[in-house]
Amino acid sequence: MKIWLILTCFNLIALGVLAQSLRLNESKILASHNSYKKLPHKKVIRFLSKFKKQLGPSNDPTQLDYGHKTLPEQFDTFNIRGIELDLYYDPIGGHYKKRKLNLFLFGLKQRVRDPKMKSPGFKVLHIADVDYETHYLTFKDALIELRTWSEKNPAHHPIFVNIEPKSTSPGNESKMLRRLGFKPCVPYDQKAFLEMEKEITSVLPANMIFTPSDLKGDFSTIQERLTETGWPELNQCLGKFIFILDGKETLYKSATTTPIMFYYASPQDPDAAFVVMNDPVGNEEKIQQLTSTCIVRTRSDAGTLQSRNNDYSTYNAAIRSGAQIISTDYYAPDLRWSTFQIKR
């Protein structure tokens, strides 16, 4: 019994020392892609598959046929520490309350009955009117889930929250679909990003958010801080969320002088902290060169293709690259195709 207690104490001390000495950019995590997304209804996939040629490769319905667990299950069961949310701007409310594809599908309702869809605020879905199944109808729903889980796990590894502001939909791309009621996206403007920040801070207290100002400190730029003193130690960021904007960063930067979100930047940007290189194949050396100062996000799979072929070549390239964030749709395997599963 005494030996067991001594070993336990030693292990706890060793873990504490490790967390103290490990810097945030030296930590490697697994992230989920489109983390809110549920599996599309079979009728939706069957219907879209009839028009596969007309839709083109970028809208291939086979690449939409994936879904995720709830965020707490991803965190607790699969050790996911990075997520992605697609946000549609809905300043008046009700813009995305219908699912117009269901106009063509017997038995599937067009209208979403939940009153949240009529309220102003950001809506969470993949493709408006088409790929709409989601665990969280609104951004605020997802934020509340994050806060609730964090309060139960206060010393958790920081969670990276990838935010993609959606600016196009089938309603933007086709006059015929607009005539049928498919909604074009509400465009983002400066006010939209101020509203987005307002939603974040209305749910998450300041001590749960690691911001660009926290990283920059007294230095004039983030890159100056990272070059001079490096990233903070991991234990200084425990229990926090780190928001990273994926797109429209120029508009966001013009909206606020005290941003709470980072953004994916060019390595030459003086405030570059995060860089995205989604395809690691052939880019291993480029990513390796960036990881000493930046945190790099890449992917191990995309569009169900690797799962369908049980193909680990992209994942192996991601591992070789040393990227700190590897994003996947398959932390749990989809046994309809294969046993393909990404673990970290």
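Colleague: Which way do the residues of strand β9 point, and are they buried or exposed?

Modeller: In this predicted model, I325 and S327 of β9 (residues 325-328) point one way, while I326 and T328 point the other way. All four are buried, where buried means under 20% relative accessible area, exposed over 50% and partly exposed in between, with a 1.4 Å probe and protein chains only. Strands here are DSSP E runs of at least two residues, and helices are H or I runs of at least four, numbered from the N terminus.

Colleague: Why do side chains alternate in a strand?

Modeller: In a regular strand the side chains alternate between the two faces of the sheet.

Colleague: Which strands pair with β9?

Modeller: Strand β1 (residues 29-32) pairs with β9 in the parallel sense over 4 bridges. Strand β8 (residues 295-299) also pairs with β9 in the parallel sense, over 3 bridges. Pairing requires that DSSP finds at least two bridges between two strands.

Colleague: What stands opposite S327?

Modeller: A31 stands opposite S327, and S327 is also the bridge partner of R299.

Colleague: Switching topic, where is Q306, and is it buried or exposed?

Modeller: Q306 lies in helix α13 (residues 305-309), and Q306 is buried at 13% relative accessible area.

Colleague: Which residues does Q306 touch?

Modeller: Leaving out residues up to four places away in sequence, Q306 touches S300, D301, D311, T314 and F340. Contact means heavy atoms within 4.5 Å.

Colleague: And K175, buried or exposed?

Modeller: K175, in helix α7 (residues 175-179), counts as exposed, with 59% relative accessibility. The C-alpha atoms of K175 and Q74 are separated by 39 Å, and these residues are 101 apart along the chain.

Colleague: How many helices and strands are there in the chain?

Modeller: The chain has 14 helices and 9 strands. Its radius of gyration is 21 Å, close to the 20 Å from the globule rule for 344 residues, so the chain is as compact as a globular protein of that length. That radius is taken over C-alpha atoms, and the rule is 2.2 Å times the number of residues to the power 0.38.

Colleague: How much of the chain is buried?

Modeller: Buried residues make up 51% of the 344 residues.

Colleague: Anything on numbering and confidence?

Modeller: Residues are numbered from 1 along each chain as its sequence is written, and side-chain values use heavy atoms, with hydrogens and water left out. Since this is a predicted model, local features need pLDDT of at least 70 and side-chain atom pairs count only at pLDDT 80 or more, while totals for chains, interfaces and linings use all residues.
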